[in-house]
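Okay, thanks for coming, everyone. Let me put the structure up, and then we'll walk through the strands and one of the helices.

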Amino acid sequence: METLQAPDTSMQLNLDAMRASAYKASSLLKAMGNADRLMLLCQLSHGEHCVSDLEQKTGIGQPTLSQQLGVLREDMLVATRRDGKQIYYRVASAAVLAVLQVLYAQFCTPRPLFNDEAD
């Protein structure tokens, strides 16, 4: 007598999990994939800043600054707190900080002109 076996669903579950993770990652990269937003996140990775500080440190003027902070807030990459009339922003995502570390290492650290280890 032949035994019926249930179809192997582990592959489908892995693909579903991979698809969900890929969606999250692509959403994060999309939010970070704008030069102004990336500059804002870089500044915020060093600590909390109010809007006027961010404007001065990044050179991004109004209304672009407010628009880009709104996108970051909507995507829950930054959080805010109010102190009187000032609104302070901070990075609210560990994933953002991890990606920023990699980007900093690849694009912002000084590189030697020659790679002696390539020989």
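So, Cys 50 stands opposite Tyr 88 in β3. That sits in the pairing of β1 with β3, which run antiparallel and are joined by two bridges. For us, two strands pair if DSSP finds at least two bridges between them. Helices (H or I, at least four residues) and strands (E, at least two) are DSSP runs, numbered from the N terminus.

Before I go on, this is a predicted model: local features need pLDDT of at least 70, side-chain atom pairs count only at pLDDT 80 or more, and totals for chains, interfaces and linings use all residues. Residues are numbered from 1 along each chain as its sequence is written, and side-chain values use heavy atoms, with hydrogens and water left out.

Thr 80, for instance, has Tyr 89 in β3 as its bridge partner. The two strands make a hairpin with two residues between them, and Gly 84 in that turn has a positive phi of about 70°.

Put together, you get an open, antiparallel sheet of three strands, ordered β1-β3-β2. β1 (49–50) and β2 (78–83) are the edges, each pairing on one side only.

On to α3, residues 51–58: Val 51, Leu 54 and Thr 58 are buried there, meaning under 20% relative accessible area with a 1.4 Å probe, protein chains only. Down the helix axis, the buried residues fall within an arc of 60°, so they line one face of α3; the arc is taken from the directions from the axis to the C-beta atoms.

Just after α3, Gly 59 has a positive phi of about 75°.

Methods. Buried < 20%, exposed > 50% of the residue type's maximum accessible area, 1.4 Å probe, protein only.
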